[in-house]
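Biologist: I am new to this model and would like a close look at one part of it. Please start there and then lead me on to the parts around it.

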Number of protein chains: 2
Amino acid sequence: MKQTKISEAVVKRLPLYLQVLNELHAREVQTVSSQELGVKLDLNPAQIRKDLAYFGEFGRKGVGYDVVYLIEKIRQILKVNQTIKVALIGAGNLGLALCNYNKYSKDNMQITAVFDNHPEKVGSSIGHLTVQPMSKLAESIKEHNIRVGIITVPAHEAQNVANELTNAGIEGILNFAPAILRVPEEIRIHYADFTKELLSLAYYLNHEGDENDESAMDTE
Amino acid sequence: MKQTKISEAVVKRLPLYLQVLNELHAREVQTVSSQELGVKLDLNPAQIRKDLAYFGEFGRKGVGYDVVYLIEKIRQILKVNQTIKVALIGAGNLGLALCNYNKYSKDNMQITAVFDNHPEKVGSSIGHLTVQPMSKLAESIKEHNIRVGIITVPAHEAQNVANELTNAGIEGILNFAPAILRVPEEIRIHYADFTKELLSLAYYLNHEGDENDESAMDTE
DNA sequence: TAGATTGTTAATCGATTAACAATC
DNA sequence: TAGATTGTTAATCGATTAACAATC
């Protein structure tokens, strides 16, 4: 086992491995090879072996990986078993959707508090949670040991919310608003902005065939 | 202007550039340098210049980039002006959120039809759209020239929906379900699965400090 | 002109892939 | 043993960054 610096690319793939392994487990598959995983995920088998080897020796030569054992190991690496408390800011449609989503999934993240600054939202119920005013944010985060904030407010309010989360001592942010946020570097920020995903998708739809089509360049 | 193969990494950054440029434009900034863009986006200025140079010469030496002109150029590259019709499959909370989102944004994608297979959903209204049964999918996609499908059904139904979209002749898919989908390679598929984003976020929260902590390595 | 900043080539860095000894 | 597949080193590939001539 070695423990050099793990690259972001590797960490991003771990949840993918976990997902496929869970599917295999559901189908009662006992063992899987890097080759098979590679086919399912469109990844090079050597890459998968290398990724896993950063964290330990989980396979058996000539055999492959035990599905249950590898699931357990990856869950340990991601520390999935330990539930992290999350505050959601922005009780709009998307916020509501995430809260509901949260109820059904046995995820490692649990939405523990919901905040919104619109008077008509404050006090309303989402599942068993009551929407609180933003003025309660810092207090609530400290009281309940909330470590992550999910931002689902409009883009122009996102930076303000990020600032308040920062001041309240949050450790990580998942931002759904289509805005780039400035936070201190000790705070981990991930983006879940599907508008950008749609834009890049549009690029590929409209440039379909460019790759084989050297002649079609529009040079002025 | 050259037009070699554009890498995915470059295409992913174009929407970021557009976003920052739009913000600058809103603040009536006329001109911006790659240096300034780099600070805002945490990117190397040389990278920004190189990315843009794949598509043309948009800047002026000694001056920088004209904000309005560059916005226009990037919009042309992404073909944002041309509206692409989208079908949404899965009229749950998330689907509803996306429909509503769609109403307000002047995006390049427009949700034109909504489908769901639950009898209690079919026939209900979302904005000015009526939820249709899945049996109408292929017909509707062809009739309205719908090019993209957004999948917001539960994970275990996602592959079926992807298959139906494929058969209906869709060109691109944005998948919100936490599932890896098999589609023919001519279909472009993008993932917007925030559960994976949360898992990798959890990794970093729990491994905070690993990087500066050479002594804590368990080497042989 | 002097200062700034682009577009682009060359150098560097890091990530992916190939190859293979070890071994189940 | 023969076949399969890991873990890991070395080779390759591609993306990022540095450097700088061109020029506004």
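In which sense do strand β8 and strand β9 of chain A pair, and over how many bridges?

Modeller: This is a predicted model, and what follows is computed from it. Strand β8(A), residues 148–151, and strand β9(A), residues 172–175, pair in the parallel sense, and four bridges hold the pairing. One position to look at is Ile150(A), which stands opposite Leu174(A) of β9(A).

The two strands belong to an open sheet of seven strands in chain A, in the order β6-β7-β5-β4-β8-β9-β10. The pairing in this sheet is mixed. At its edges are β6(A), residues 125–126, and β10(A), residues 188–191, each of which pairs on one side only.

Chain A also has an open sheet of three strands, in the order β1-β3-β2, with antiparallel pairing. Its edge strands are β1(A), residues 31–32, and β2(A), residues 59–60, and each of these pairs on one side only. Strand β1(A) is joined to β3(A), residues 64–66, by two bridges, and the two run antiparallel. In that pairing, Thr31(A) is placed opposite Asp66(A) of β3(A).

Next come two helices of chain A. Helix α1(A), residues 8–26, packs on helix α3(A), residues 45–53, at an angle of about 105°, and their axes are 10 Å apart. Angles of 65 to 115 degrees count as roughly perpendicular, so α1(A) is roughly perpendicular to α3(A).

Strand β7(B), residues 129–132, has Leu129(B) and Val131(B) on a covered face and Thr130(B) and Gln132(B) on an uncovered one. Strand β6(B), residues 125–126, pairs with β7(B) in the antiparallel sense over two bridges, and Ile126(B) stands opposite Leu129(B) there. The hairpin of β6(B) and β7(B) has two residues between the strands, and Gly127(B) takes a positive phi near 60° in it. Strand β5(B), residues 109–115, runs parallel to β7(B), with two bridges joining them. Here Val114(B) is opposite Val131(B) of β7(B).

Leaving out residues up to four places away in sequence, Val114(B) touches Leu88(B), Ala91(B), Cys99(B), Ile126(B), Leu129(B), Thr130(B), Val131(B) and Gln132(B).

Residues up to four places away aside, Tyr203(B) touches Ile6(A), Val11(A), Phe55(A), Ile77(A) and Leu78(A). Within chain B, Tyr203(B) and Ala46(B) are 157 residues apart along the chain, and 31 Å separates their C-alpha atoms.

Terms used. Residues are numbered from 1 along each chain as its sequence is written. Chains are lettered from A and ligands numbered from 1 in the order in which they are written. This is a predicted model: local features need pLDDT of at least 70, side-chain atom pairs count only at pLDDT 80 or more; totals for chains, interfaces and linings use all residues. Side-chain values use heavy atoms; hydrogens and water are left out. Contact means heavy atoms within 4.5 Å. Two strands pair if DSSP finds at least two bridges between them. Axes are lines fitted to C-alpha atoms, for helices over the stretch in contact, and angles run from 0 to 180 degrees between N-to-C directions. Angles under 35 degrees count as roughly parallel, over 145 as roughly antiparallel, 65 to 115 as roughly perpendicular and the rest as oblique. Buried means under 20% relative accessible area, exposed over 50%, partly exposed in between (1.4 Å probe, protein chains only).
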